[in-house]
Amino acid sequence: MATTTLAPRATTYRGRAWIYEWLTTTDHKKIGAMYITTAFLFFLLGGIFALVIRSELAVPGVQFVDPETYNQLFTIHGTTMIFLFVMPMMTGLANYIVPLQVGSADMAFPRINALSFWMVPFGGLLLFSGYAVGGAANAGWTGYAPLSEQGGAGIDLWIASLVLLGMSSVLGAINFIATIFKMRAPGMTLMRMPMFVWNTLVTSVLLLFSIPVVTSGLMMLFIDRNYGAGFFDPSQGGNPILWQHVFWFFGHPEVYILILPAFGIVTEIVPVFSRKPLFGYKAFVLATAAIGALGFTVWAHHMFTTGAVYLPFFSFFTFLIAVPTGIKFFNWLGTMWRGKLSIKSPMLFSLGFIALFLIGGLDGAFLAVVPFDFHVQDTYWVVSHLHYVLVAGAVFGIFAGLFYWFPKITGRMLDERLAVWQFWLLFIGTNLAFFPMHLLGLDGMIRRIVDYAANPGWTELNFLSTIGAFMIAISVVPFLWNVFITLRKPRTAPDDPWDAYTLEWATTSPPPSYNFDALPPVRSERPLFDLKHRADGAHAAAVPALASTTQGESTPGEPPALPESTEAHATDAEAGTSEPGGEGKSK
Ligand code: HEM
Ligand SMILES: [Cu+2]
């Protein structure tokens with residue numbers, strides 16, 4: 001018979017040293033927290049690289065770094081930000097939150113989960129060890145051949161690093177897909193899954209299809225470089241354009257791998273802080289799937305100027321992606337429309353996300369216009385576009401998520417005033433850093449150069465951009481301070497501080513190692529809302545019992561007995577035979 005009371009299956013090993021516990025843990029929450037912390041450290045590191053880049057470019061002339069060092073700087077900056085910051089950060093948030101949101105006790109394969117995590121710091125080590133062997137990779141994050149066929153051991157380490165990180169991502173993707181399909185709580189049909197879960201699912205599918213392609217390419221490059229093959233080397237009859245195909249067949253879906261989780265985060269937050277259900281749930285799911293599918297049809301829009309691709313096809317499909325993306329904007333605006341908005345920190349960062357991602361989407365649509373792309377290819381327009389999508393998009397989404405889930409993860413509420421300071425510094429800094437790059441790009445300033453001519457206006461625009469970069473750096477200070485002082489406070493956060501809708505808020509903050517003492521029945525995509533506001537009939541039985549956990553009144557370690565809600569589940573036609581964390585019924 002169905003039961004929702006979960007007894008801890010293993011005792012916690014109290015005898016273990018703190019460090020041993022963390023090094024060997026397979027708990028998705030601890031692994032998630034380690035992912036998040038590691039990713040944040042790489043964000044700081046990549047940010048320092050960005051500051052050196054921007055300092056060098058503040059005024060014309062070569063001041064701080066020579067051209068070779070500069071090449072390594074932007075290569076390692078881009079690679080770090082994408083593979084060691086945004087991807088692990090999103091994986092970390094999903095690791096912590098997805099099992100909770102689907103009402104499971106852990107991920108499907110907890111040990112593989114730990115393995116996926118530990119590959120990340122080692123991947124980082126490989127990338128940065130280039131500096132110890134005579135110079136890190138210097139061919140850009142795209143590693144274009146034949147440039148990447150030359151160069152020293154730094155590039156081999158870059159290849160090894162990306163292969164390892166890719167393996168970590170694939171294992172993670174399989175884990176998420178299995179968890180989402182097989183471990184959902186009774187009653188949670190696919191169309192009742194929280195939007196963050198949906199976005200994690202589509203992201204995982206994209207990873208599964210795209211990473212193997214780039215990994216093959218990387219292996220070919222490695223063989224070219226070390227064993228004398230000539231896949232991408234024209235002097236040996238190879239084809240460098242082939243590298244671009246292989247790279248971008250991964251590289252474009254990769255953009256959605258970075259941004260879909262942010263869509264998911266924002267789509268969790270906007271309804272809760274508008275006090276309304278999500279406007280157009282089904283449309284949102286379809287739009288997410290459509291973006292994922294279309295993401296595989298547009299890789300060659302990065303290759304318009306090669307003269308080797310059919311332009312109308314790739315231009316058309318690129319524009320087509322604007323349709324599902326636009327639908328999402330309508331979903332967010334429709335959700336906020338006539339809602340009771342409360343602009344707390346998670347909502348503030350979500351609004352920043354929506355505003356800035358719009359700019360990144362629009363200047364991307366310009367690039368889909370082939371003649372325009374011929375004009376701005378490899379200029380600062382592209383650098384501007386990619387940062388509006390990634391800083392304005394992924395980074396704002398990440399901070400929205402961190403502020404939203406911080407109370408769940410740590411049991412403590414971050415300070416709202418510091419959050420407002422951080423937000424405005426980051427918002428103004430981002431626009432100051434990246435908007436002038438549009439103008440520089442239009443004017444013909446190319447990317448990946450250590451120096452530029454003192455053309456009219458260029459010095460001023462570059463200087464503004466550098467000031468913006470430092471503002472972004474300063475915005476991190478109130479955040480770090482906020483985390484620091486908050487972690488020293490006692491654990492006073494309620495279990496459900498935002499009056500939210502989804503299952504992660506139905507357990508304590510932070511959750512026990514086994515996640516749930518009891519699960520509310522799932523009859524819509526907002527089970528917790530139903531429980532709190534629509535208690536009637538069979539639901540009512542569950543309310544008092546569950547309320548005792550959600551108010552934090554229960555004695556820790558002593559799960560409240562839930563005979564009534566257990567019955568409610570057994571008679572619920574929706575409920576499958578399941579233990580949370582066991583073999584949940586999926587529909
Ligand atoms: C924190 C503020 C940041 C600043 C000021 C900044 C600045 C820059 C600049 C000036 C370049 C161009 C270098 C060149 O072409 O010569 C660049 C490249 C790049 N940045 Fe950032 N960046 C920041 C954050 C990020 C973030 C968060 C991401 C990703 C999530 C990112 C991803 C990239 C990528 C992929 C490149 C291209 C690297 C290449 O050309 O190989 N950046 N960044
Ligand atoms: Cu693309």
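Helix H2 (28-57), helix H3 (67-101), helix H12 (380-410) and helix H14 (458-488) each contribute at least two residues to the shell around ligand 1; helices here are DSSP runs (H or I, at least four residues), numbered from the N terminus. The model is predicted, so local features need pLDDT of at least 70 and side-chain atom pairs count only at pLDDT 80 or more, while totals for chains, interfaces and linings use all residues. Residues are numbered from 1 along each chain as its sequence is written, and chains are lettered from A and ligands numbered from 1 in the order in which they are written.

The shell holds 25 residues, of which Ala50, Gly78, Met81, Gly140 and Arg447 come nearest to ligand 1; a residue is near if its C-beta atom, placed from the backbone, lies within 6 Å. By class, 16 are nonpolar, 6 polar and 3 charged. Ala, Val, Leu, Ile, Met, Phe, Trp, Tyr, Cys and Pro count as nonpolar, Asp, Glu, Lys and Arg as charged, and the others, Gly among them, as polar.

The loops deserve attention next. Most peptide bonds are trans, and most residues other than glycine have a negative phi. The bond from Ala145 to Pro146, however, is cis, with omega near 5°, and Pro146 is placed in the loop between helix H4 (110-128) and helix H5 (153-182). Another cis bond joins Ser509 and Pro510, with omega about -15°.

Arg275, in the loop between helix H7 (240-272) and helix H8 (281-294), has a positive phi of about 55°. Arg448 has a phi near 60° and lies in the loop between helix H13 (416-442) and H14.
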